[in-house]
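Please examine the sequence and the model before reading each solution.

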Amino acid sequence: MRANGVLLGVSSLPGKYGIGCFSLEAYKFIDQLKAAGQKCWQILPLGPTGYGDSPYQSFSTFAGNPYFINLEQLVSYGWLTKEDLAIAEVEDERNVDYGKLYNTRYVLLRKAYNASKIGMNSDFIRFCQEEKEWLCDYALYMALKTENEQSAWDCWDEKLRYRDPESLNQKRAALSSEIEFYKFLQYEFRKQWKDLHAYANAQGIQIIGDIPIYVSFDSADAWANKELFQFDEEGKPKAVAGVPADGFSADGQVWGNPLYDWDYHEKTGYEWWIKRLRFCFSMYDIVRIDHFRGFDEYFSVPFGDKHARNGHWEQGPGIKLFNKVEEAFPGKEIIAEDLGYVTDTVRQLVKDTGYPGMKVLEFAFDSRDSGSASDYLTFNYDKNSVVYTGTHDNETVIGWFTSGLQKEEQIMVREYFNDFHTPDDQMHMPMICGAMRSVADLCVIPMQDILGLGNEARMNAPSTSGANWKWRLLPGEFSEEKIETLNRLTKRFGR
């Protein structure tokens with residue numbers, strides 16, 4: 001079935017409290033997607049973010065970001081007042097100010113928790129019981145981080161680092177209120193997300209969730225499940241994840257995530273991965289797995305290296321993992337993010353799984369390629385794929401065309417679309433139409449490209465820090481005119 005969707009992270013939704021959340025604006029956005037003839041809303045990972053504010057570096061693979069809790073919903077419960085929310089209001093609605101969020105949002109969330117008397121709520125008690133397998137470790141981890149001035153677990157007291165049972169029990173007693181606070185945040189997050197997800201489905205919109213292949217070192221996952229990772233006897237990584245030199249970085253990238261001990265995972269029948277994906281399928285309709293090539297081969301960088309030049313490739317689990325996934329979740333929809341340097345073995349793995357891979361139109365016009373060499377040119381697609389103009393890691397189409405391309409490459413784009421008249425600052429439209437008319441079953445367009453914005457609206461520039469993950473949609477920017485245009489094009493191209 002041909003379908004169309006929009007890429008927009010929850011943090012990028014409009015609203016006056018500093019960051020997009022599960023507010024009325026989220027429900028309105030779903031209504032807009034329906035009016036625009038869209039069938040999918042692709043989001044970014046929903047986990048709580050740490051240093052660098054990246055949704056791909058979370059304190060837990062199972063937890064949700066407390067920033068996404070709708071504060072006005074807490075007012076409706078009587079846990080906050082409208083006046084309380086004044087400290088969360090911002091003047092700049094275009095960019096997320098994570099520093100202000102950190103210093104104000106938790107003040108409000110703690111006040112709501114204190115007023116909630118949540119420990120006596122039967123639904124909360126049931127939630128804690130149902131989610132205890134990950135929630136207890138996560139809430140304890142966050143409470144210990146708070147006690148230790150937000151430092152990661154490798155900086156804690158030795159007994160806590162190595163999870164000495166008696167020491168952990170003492171902390172559970174001493175920090176019981178703080179632990180319950182973090183459970184409260186997850187309860188409210190999950191309840192609000194479930195309501196929003198159900199509303200989207202009722203409007204005919206499927207949610208495409210995004211999960212990172214790796215977890216953060218500074219996470220409850222790494223602290224509580226050291227056996228899953230390539231750690232030494234002291235709990236330090238033997239090596240960390242990264243990628244070699246590419247178009248984003250001449251020295252490669254050191255992501256710093258702990259690498260999986262795939263031999264251990266295989267011995268357990270990939271139990272942890274099955275749990276993780278079961279959770280994801282309870283949260284989303286379709287799951288996009290980031291950095292899919294890491295399951296074929298993963299790049300291992302010596303721990304402590306500042307660049308990736310000394311890294312090397314190691315063998316991943318391959319099809320063995322995904323055979324187990326298919327046994328556990330027959331027919332569930334997964335998108336393989338197979339971008340970057342794609343080898344024949346990666347192509348074969350994607351083919352063997354049957355998952356649709358990704359095609360990014362911005363990657364198709366490289367003057368170093370000749371003729372039809374690029375897999376990203378639309379005539380090389382097969383139906384079982386997902387096409388994007390660009391992703392959250394790319395320049396916007398307008399930024400890419402006007403400043404990212406050489407003149408020769410601009411001509412390649414115009415020749416490909418037989419378009420020599422559209423002004424440079426409007427070239428998003430031929431690109432969007434080119435993606436939509438392709439044979440790919442699913443087409444997903446970033447909101448920034450629908451609006452025709454430049455690189456000031458870029459979501460993330462890999463290998464950089466300080467300016468990423470901040471962009472937000474302004475109220476009214478996804479206008480009736482834009483919605484009507486998107487709806488018309490979606491119908492024109494049979495999506």
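**Exercise 1.** In this predicted model, what is the order of the strands in the open sheet of four strands, and is the pairing parallel or antiparallel?

*Solution.* The order is S5-S4-S7-S8, and the pairing is antiparallel. Next, consider the edges: strand S5 (253-258) and strand S8 (312-315) each have a single partner strand, so one side of each lacks a neighbour in the sheet. From one strand to the next, the twist averages 50°. Within S5, Val254 is the bridge partner of Gly242.

**Exercise 2.** Determine which strands pair with S11 and which way its side chains point.

*Solution.* Begin with strand S10 (residues 357-360), which runs parallel to S11 and is joined to it by four bridges. Here Lys359 has Val387 of S11 as its bridge partner. Then take strand S12 (residues 442-446), also parallel to S11, with three bridges between them. Val387 has Cys443 as its bridge partner in S12. In a regular strand, side chains alternate between the two faces of the sheet. In S11 (residues 385-388), Ser385 and Val387 point one way, Val386 and Tyr388 point the other way, and all are buried.

**Exercise 3.** Which residues have the most contacts inside the largest nonpolar core?

*Solution.* They are Trp41, Trp193, Phe295 and Met447, in a core of 159 residues. Helix H8 (residues 176-202) gives the most to this core, namely 10 residues. For Trp193, leaving aside residues up to four places away in sequence, the residues touched are Phe22, Ile43, Leu46, Ile207, Met283 and Tyr284.

How values were computed
Residues are numbered from 1 along each chain as its sequence is written. This is a predicted model: local features need pLDDT of at least 70, side-chain atom pairs count only at pLDDT 80 or more; totals for chains, interfaces and linings use all residues. Side-chain values use heavy atoms; hydrogens and water are left out. A nonpolar core is a set of buried Ala, Val, Leu, Ile, Met, Phe, Trp, Tyr and Cys residues joined through side-chain atoms within 4.5 Å. Buried means under 20% relative accessible area, exposed over 50%, partly exposed in between (1.4 Å probe, protein chains only). Helices (H or I, at least four residues) and strands (E, at least two) are DSSP runs, numbered from the N terminus. Contact means heavy atoms within 4.5 Å. Two strands pair if DSSP finds at least two bridges between them. Axes are lines fitted to C-alpha atoms, for helices over the stretch in contact, and angles run from 0 to 180 degrees between N-to-C directions.
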